[in-house]
Structures are given as structure tokens and as C-alpha cells.
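Take a look at the structure below.

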Amino acid sequence: VILLLNRLLMCPRPASKDARLFTFKEVSQHCTPDDCYIIVDDNVYDVSSWHEKHPGGRDIILNLAGRDCSDVFRSMHPKRVYHMLPKFKVGRLQSEGKSEFARAFDALADEVYNSSGLMETNYWWYFGKTMISLFLLAVSVSLFILGREWRSVGTQLFGAFMLGVFFQQIAFLGHDTGHFCITHDRFWDTMYGVLVGPMLTGISMCWWKDSHNTHHIVPNSVQHDPDIQHLPVFAVTPAYFASLYSFYHKRVMKFDAIARVLVSYQHILFYPIMALARFNLYLQSVLFVLFNEKCEWRKVEIVSAIIFYTWMYKLHSTYCLTPAVAVGCLLLSHAVAGLLHVQICLSHFAMKIYSEPQYTQDGDHFFDTQLKTTMDVECPEWFDWFHGGLQFQAVHHLFPRVPRHNLRKLQAKVIEFCKEHNRTYHIYTFYDGNKKLLAGLKATADQVDKSGDKPVNFKESMLWEGLCAQG
């Protein structure tokens with residue numbers, strides 16, 4: 001026993017994970033998939049072995065490698081996830097302390113998440129929104145049926161209009177559940193999301209979350225944010241003229257001859273393209289579900305998508321008076337639903353563009369990054385249904401898990417915070433926001449060099465690659 005005690009006492013104890021101190025510069029050097037460090041609340045974590053298993057996708061972590069993820073982590077995760085962090089801890093950040101503004105934002109975030117009641121969900125409110133959306137679908141289907149009985153093309157076109165309104169309104173519910181805003185439980189929100197996503201709208205929840213979550217953490221970052229990477233049809237900044245590499249799509253976004261032509265007229269083509277944009281989402285969803293290894297609920301999504309395409313096909317093939325009417329109804333419903341795409345683009349296209357993700361020692365704070373890249377839309381409370389929460393995009397980006405019905409209260413709180421700390425909160429009317437968006441697109445279009453145009457070879461363009469499911 002004495003020998004054993006002596007041996008134990010003489011053995012060196014394992015070093016504490018708090019013992020090693022890192023400078024921000026040292027952490028920033030660990031920024032590759034095989035050597036990936038992040039900072040959360042001044043603790044340094046080695047997540048090199050975890051990013052492949054991350055439920056939100058590996059790209060989210062890799063985009064933040066070597067950076068301070070404290071605010072991003074808090075915005076995207078509930079408290080219980082923090083308990084998983086210690087096993088990845090390798091040390092602490094040698095910090096001189098947070099700025100006064102950073103401490104103030106921490107206090108605001110603590111209030112929002114823990115003591116304000118803004119995280120509490122009104123389930124009756126969401127039940128009502130769900131019933132209204134299903135009512136819109138029922139009205140649309142009824143009009144298709146009545147139009148056939150009455151031999152009325154106008155009635156069926158009105159049914160198509162209502163179908164487009166349904167697509168727009170239920171997408172807002174999909175957005176809420178994709179952020180776990182309703183139950184705050186990953187499983188139940190995902191199951192609800194499958195209903196309002198692939199089953200009723202044909203849009204994959206897994207694809208949307210993979211893309212949209214990436215957008216949230218690196219908004220308007222030229223090479224990292226998929227929500228502004230729209231070549232060959234749009235370029236929100238002349239930086240895309242250089243055929244940049246997309247870290248999300250894992251490919252070069254070629255600014256080819258077709259892109260040069262389309263981008264030159266993007267301010268004119270914007271609304272027509274928005275009217276057809278939904279078809280691209282169908283394609284992206286199918287490709288992601290069938291071929292992307294990151295699709296977590298593949299079987300559920302495939303079954304749900306089959307149900308969607310079955311009822312959509314039956315609705316248009318069985319009840320529409322002629323094939324021409326069926327095509328007209330399909331295009332009309334998707335054009336109406338295209339309003340949603342305008343609302344999404346409005347939030348970010350005309351705002352600040354970053355060349356790199358922020359959250360570094362010299363970069364913008366999380367709060368400033370989100371506010372500089374996002375605009376809100378001013379509207380009366382009775383008109384909130386039309387925008388579906390997208391009118392509060394800035395506060396949603398700051399606190400994405402807050403239920404939609406609490407965003408107006410949260411907006412007032414954040415605007416007051418901005419006044420206290422000399423920050424600009426960008427809010428425009430829907431009309432002025434669209435003017436700003438189109439002006440930004442035109443400003444970029446005017447910078448396209450048309451002097452060196454080469455003959456267009458469609459088979460070498462990004463459009464051709466997209467049609468062939470490449471990249």
C-alpha cells in the first residue's frame with residue numbers, strides 16, 4: 001500500500017485544460033479541417049474531430065475556424081449544448097477582457113434568452129397560423145375543382161393565385177421551424193418542418209437548413225454565404241467578376257460570357273427571375289436529398305417529396321381544363337410565390353458585403369456584422385402576416401431562435417440598444433427597400449466590362465453545368 005501511494009504521489013498529474021493559454025493569433029492559425037480550433041466564451045476548443053459529425057453541417061464550423069464563435073454559438077444553440085463542449089477543450093484565450101460594447105451585448109442576449117419571456121412560444125398562435133395556411137390550400141384546391149365543374153378558366157387561375165399565397169405563407173412556418181423557434185426541440189421542429197417543407201411545398205428542409213444556417217453565420221461574405229452566390233444570373237458585388245471560389249458549393253463561380261450578359265441586365269431581369277426562382281429550389285432540393293451525404297432525414301424527405309409531386313401533378317393534370325391552363329396555373333402560382341424570393345433578397349442584397357467572415361480580433365463584432373448586412377422592412381402591425389417575420393430580419397439574425405410572434409417586441413428592444421451604443425439600425429419601407437436593392441444591382445451591372453465579350457458557348461457555362469447537375 002505504501003509503495004502504491006508513493007508511486008501515485010510521484011506520478012505527474014495530467015495538465016489542466018485551463019493551464020494552456022492561447023493568444024488570438026495562435027488560435028487563428030488553427031483554421032483547416034484537420035486542425036480546427038474555435039473560441040467560445042474565452043475557452044479554446046479543438047473541434048477537428050467533430051465538424052464532420054456536426055448536425056448543422058461541417059461548413060458552418062469550418063467557416064468559423066480560428067475565430068471567436070461565442071455570439072454565433074449562443075445564437076444557434078440552446079443551453080444544453082454547452083455541456084458537450086468540455087471534452088473538446090484545449091485551453092483558454094489569453095484575453096485583455098471584453099469591450100464595454102461586447103459586455104453590453106452579452107447582457108442584452110442574457111436578458112433576451114433567459115429573463116425577458118421572448119423565448120416563450122405561444123402554441124395557439126402557431127396553431128392558428130398552421131390552420132390558416134391549410135385553409136388557403138383547401139381554398140385553392142376547391143377553386144381548381146369548381147373551375148372544372150363550371151368550365152371556368154378564371155376560377156382555376158384564381159385557384160392558382162391562392163396556391164401561390166399558400167406557398168408564401170407556409171414558407172414562413174418552414175423558416176420558423178428550421179430555426180427551432182416553435183418547440184425549441186430539434187426533433188419535433190424537424191418533423192413539423194418536414195410537413196410544411198417537402199410534403200406541402202416541395203422544398204427540402206435538410207437542404208434549406210444546410211444553406212440557410214451557413215448564411216446566418218457568414219452573412220454577405222462573398223465566398224462563403226450561399227445566399228448571395230447567384231452567378232450566372234446575379235452579382236451583388238463586382239468582386240464576383242473575378243470568378244471566385246465558393247467555399248459552400250466547393251467550386252469556382254465562373255463569370256463567363258453568359259454571366260456577363262445576364263448580370264449586365266440584372267436590375268431589369270430581377271423580378272422576372274424571382275417569378276421563376278421556385279423551380280430552382282425544387283432542383284436544389286432533389287439534388288441535395290438524392291446525392292448529398294449531409295442529408296440527415298433522407299428517407300423521410302424522399303417520401304415527403306413523392307407525396308408533394310403526386311398531389312401537385314394530380315391537381316394540375318386531373319382538374320385543369322386543358323394542358324395549357326395547367327401550365328398557366330403552375331406558372332401563375334409560382335410567380336405569386338416568387339414574392340417570397342423578393343422578400344428574402346430584399347433583406348441582404350443591398351447591404352454591406354464582406355470579403356471574409358468576421359469575428360476575428362480585427363474584424364467586426366457579431367452584432368455589427370449582422371446589422372450591417374441586414375435591413376428590416378417597416379410595416380404596421382396588422383400587415384405583419386404579409387412579411388411573415390422577414391420584416392424583422394435584423395433582430396432575427398441576432399436572435400434566430402426567438403419565436404416570430406415576439407419579434408416586434410424584440411425589435412423595439414434592439415433599436416433602443418442601438419441608440420444607446422451609437423449603432424445604425426437599417427429599416428426601410430418595402431418600396432424604398434426595393435429601390436435600394438435595384439439601385440445596388442444596377443450599380444454592379446454598370447461595372448460589367450462589355451468590351452471583351454466572347455461568343456457565348458452554352459455548354460461551357462454555369463447554366464449548362466447546373467442543368468447537368470454538376471457541382
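This is a predicted model: local features need pLDDT of at least 70, side-chain atom pairs count only at pLDDT 80 or more; totals for chains, interfaces and linings use all residues.

Start with helix α6, which covers residues 123-150. It has 28 residues. From its first C-alpha to its last it reaches 40 Å, close to the 40 Å expected at 1.5 Å a residue. Look at the start of α6. There, a side-chain oxygen of Asn-122 comes to within 3.1 Å of the backbone nitrogen of Trp-124. After the helix comes Arg-151, with a positive phi near 55°.

Which residues of α6 are buried? Among them are Tyr-126, Lys-129, Thr-130, Ser-133, Leu-136, Leu-137 and Ser-140. Leu-143, Phe-144 and Gly-147 are buried too. Now look at the spacing of these numbers. An α-helix has 3.6 residues a turn, so residues three or four places apart point the same way. The buried residues of α6 pack against α7, α8 (186-199), α12 (298-319), α13 and α15 (384-387).

Next, find the largest nonpolar core. It has 43 residues. Phe-367, Phe-399, Leu-410 and Val-414 have the most contacts inside it. Several elements each supply at least two of its residues, including β3 (35-40), α3 (58-63), α14 and α17 (407-420). Helix α5 gives the most, with 7 residues. Beyond its close sequence neighbours, within four places, Leu-410 is in contact with Val-112, Leu-118, Val-395, Phe-399 and Val-402.

His-175 sits in helix α7, residues 153-178. Is His-175 buried or exposed? Its relative accessibility is 11%, so His-175 counts as buried.

Finish at Asp-364. This residue is in the loop between α13 (323-346) and α14 (366-372). Its relative accessibility is 19%, so Asp-364 counts as buried; the cut-off is under 20%. Which side chain makes a polar contact of 2.5 Å with that of Asp-364? The partner is Tyr-354. Neighbours within four places aside, Asp-364 is also in contact with residues including Lys-352, Gln-358, Tyr-359 and Lys-372.

Terms used: Residues are numbered from 1 along each chain as its sequence is written. Side-chain values use heavy atoms; hydrogens and water are left out. Helices (H or I, at least four residues) and strands (E, at least two) are DSSP runs, numbered from the N terminus. Buried means under 20% relative accessible area, exposed over 50%, partly exposed in between (1.4 Å probe, protein chains only). Contact means heavy atoms within 4.5 Å. A polar contact is a pair of N or O atoms within 3.5 Å; within protein, one must be able to donate a hydrogen and the other to accept it, and residues adjacent in sequence count only if both atoms are side-chain atoms. A nonpolar core is a set of buried Ala, Val, Leu, Ile, Met, Phe, Trp, Tyr and Cys residues joined through side-chain atoms within 4.5 Å. The expected span of a helix is 1.5 Å times one less than its number of residues.
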